[in-house]
4 protein chains.
Amino acid sequence: MQIRVYYEDTDAGGIVYHTRYINFCERARSEIFFNNGMLPTGGEKSGFVVRKINADFLGSAKLGDLLEVKSRLVELKRSSTTLRQEVWLGEEKLFAMTILLVYMDHGKISRIPKHFLELFELL
Amino acid sequence: MQIRVYYEDTDAGGIVYHTRYINFCERARSEIFFNNGMLPTGGEKSGFVVRKINADFLGSAKLGDLLEVKSRLVELKRSSTTLRQEVWLGEEKLFAMTILLVYMDHGKISRIPKHFLELFELL
Amino acid sequence: MQIRVYYEDTDAGGIVYHTRYINFCERARSEIFFNNGMLPTGGEKSGFVVRKINADFLGSAKLGDLLEVKSRLVELKRSSTTLRQEVWLGEEKLFAMTILLVYMDHGKISRIPKHFLELFELL
Amino acid sequence: MQIRVYYEDTDAGGIVYHTRYINFCERARSEIFFNNGMLPTGGEKSGFVVRKINADFLGSAKLGDLLEVKSRLVELKRSSTTLRQEVWLGEEKLFAMTILLVYMDHGKISRIPKHFLELFELL
């Protein structure tokens with residue numbers, strides 16, 4: 001998935017604001033669902049919630065750069081999943097994170113619906 | 001209402017990204033409600049929606065600036081209200097807009113609840 | 001230009017936060033330059049600054065929507081330009097604005113560089 | 001440091017978008033400098049860069065909540081520093097992260113200026 005860096009992604013330091021890389025990864029996760037004609041929720045009160053992020057900021061992108069987000073499945077459990085996501089600028093890795101997502105239904109941890117499990121297995 | 005400019009508000013041009021001034025004004029409108037122990041909604045499916053904005057960008061703020069947002073009522077009707085909001089840096093007016101808000105309930109224009117009308121009358 | 005609506009674009013009202021439409025239009029303006037291998041600046045201290053926005057919010061987009069931004073030139077002067085930009089969801093116009101941009105160099109209004117004028121004339 | 005949750009901080013899930021907690025922590029770090037009449041940079045091309053974030057998302061804030069950010073020094077070295085930052089809603093801890101910041105000057109890791117070291121020692 002390709003992502004362009006716009007003014008709104010940069011800050012006065014002249015480079016991309018640090019949390020934008022994490023947002024870019026969220027876009028890539030959402031596209032997994034959108035590309036399959038789904039929304040990343042199971043209705044009004046259920047969906048994936050971010051529980052943990054371990055992130056390394058390795059380089060900087062700037063205005064106009066065209067970045068690529070790569071996502072891969074690390075672990076898939078009944079009610080949670082761990083992904084590895086990276087942001088690349090050409091041959092340079094700018095950002096990498098491991099993210100733990102938990103599935104919540106009406107405020108409680110619950111089983112990931114089957115059609116969502118199948119999506120993650122394709123990663 | 002005072003608002004500090006943080007990195008997230010700036011862009012690679014070294015100044016505050018243009019739509020952030022409009023966000024700052026939205027914060028000031030929300031504080032009208034929060035300060036009175038209310039939320040700016042009348043439940044799940046009702047609340048104010050922005051219909052029109054006429055904005056003039058007169059100057060630029062930068063990282064660390066402490067801005068002031070001034071809001072005043074222009075017109076209050078049964079289901080809409082017009083406000084004038086300005087952003088100041090000390091004696092310098094950086095931004096001014098006239099904004100028309102419409103009250104919606106389940107997707108239809110409807111009367112502004114009385115306790116909200118009273119709040120706007122105090123502006 | 002097509003733009004997907006992600007979680008970061010929405011708010012607790014369940015729809016796209018109002019200033020995001022204006023950001024989407026900024027992305028479309030920047031792409032005019034990026035698509036032609038240029039940055040929308042003329043160096044460290046020069047570039048286009050937003051002076052005026054008159055915006056109408058006509059409808060609402062939600063998570064996962066695929067929007068289209070249409071831009072057209074209204075007026076091109078020596079040191080400023082006026083554009084009309086609209087955001088569409090299929091056949092429905094959600095947002096329209098007229099925007100006045102001024103070219104600044106080291107804090108002063110100055111002539112728009114020729115290669116930028118040529119870009120706008122193609123709109 | 002207290003931070004109010006506004007519409008722009010929330011998403012269609014009805015709660016604060018996950019990366020906003022990290023932004024709130026960045027605001028708190030910047031205030032360390034602003035409160036002492038400084039900017040968090042050492043000129044045009046130098047300043048702190050985020051290198052690592054280990055974050056736990058423990059709870060959710062919603063529109064209108066008044067949050068508190070607590071920051072404490074974990075380690076201070078010649079050219080880097082590690083902080084522990086938490087976001088609280090009353091007695092409930094919503095978010096906690098350990099962040100490693102590196103000081104860069106013209107693209108190279110360099111010594112943290114003395115007046116910045118002194119600020120961190122006060123944390």
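Modeller: Copies are superposed by least squares on the C-alpha atoms of residues with pLDDT of at least 70 in both. The model is predicted. Two copies of a chain are related by a rotation about an axis and a shift along it. For chain A and chain C, the turn is 180° and the shift along the axis is 0.0 Å, and the superposition leaves an RMSD of 0.0 Å. The two copies are thus related as by a two-fold rotation axis. Within chain A, A:Ile3 has the C-alpha nearest to that axis, at 5.4 Å.

The contact itself draws twelve residues from chain A and twelve residues from chain C. On the chain A side, helix H1 (residues 18-34) gives the largest share, five residues. Sorted by class, the side of chain A that touches chain C holds five nonpolar, three polar and four charged residues. Of the interface residues of chain A, 100% are also interface residues in chain C, so the copies meet through the same surface.

H1(A) has 17 residues. From its first C-alpha to its last, H1(A) reaches 25 Å, close to the 24 Å expected at 1.5 Å a residue.

The C-alpha trace of chain A spans about 40 × 25 × 25 Å along its principal axes. Buried residues account for 38% of the 123 residues in chain A. Among the contacts in chain A with a separation of 6 or more, 63% are between residues 24 or more positions apart.

The other two chains can be treated in the same way. Chain D is laid on chain B by a turn of 180° and a shift of 0.0 Å along the axis, with an RMSD of 0.0 Å. In chain D, the C-alpha nearest the axis belongs to D:Ile3, 5.4 Å from it. Here too the same surface serves both copies, and 100% of the contact residues of chain D recur in chain B.

Strand S3 (residues 66-76) and strand S4 (residues 80-89) of chain D run antiparallel and are joined by eight bridges. One pair of bridge partners is D:Glu75 and D:Thr82, the latter in S4(D). Three residues lie between S3(D) and S4(D), which form a hairpin. S4(D) also pairs with strand S5 (residues 92-105) of chain D, in the antiparallel sense and over ten bridges. There, D:Val87 has D:Phe95 in S5(D) as its bridge partner. The hairpin of S4(D) and S5(D) has two residues between the strands, and D:Gly90 takes a positive phi near 60° in that hairpin.

Terms used
Residues are numbered from 1 along each chain as its sequence is written. Chains are lettered from A and ligands numbered from 1 in the order in which they are written. This is a predicted model: local features need pLDDT of at least 70, side-chain atom pairs count only at pLDDT 80 or more; totals for chains, interfaces and linings use all residues. Two strands pair if DSSP finds at least two bridges between them. Helices (H or I, at least four residues) and strands (E, at least two) are DSSP runs, numbered from the N terminus. A residue is buried if 20 or more other C-beta atoms lie within 10 Å of its own, exposed if 12 or fewer, and partly exposed in between; C-beta atoms are placed from the backbone. Two residues are in contact if their C-beta atoms, placed from the backbone, lie within 7 Å. Ala, Val, Leu, Ile, Met, Phe, Trp, Tyr, Cys and Pro count as nonpolar, Asp, Glu, Lys and Arg as charged, and the others, Gly among them, as polar. The expected span of a helix is 1.5 Å times one less than its number of residues.
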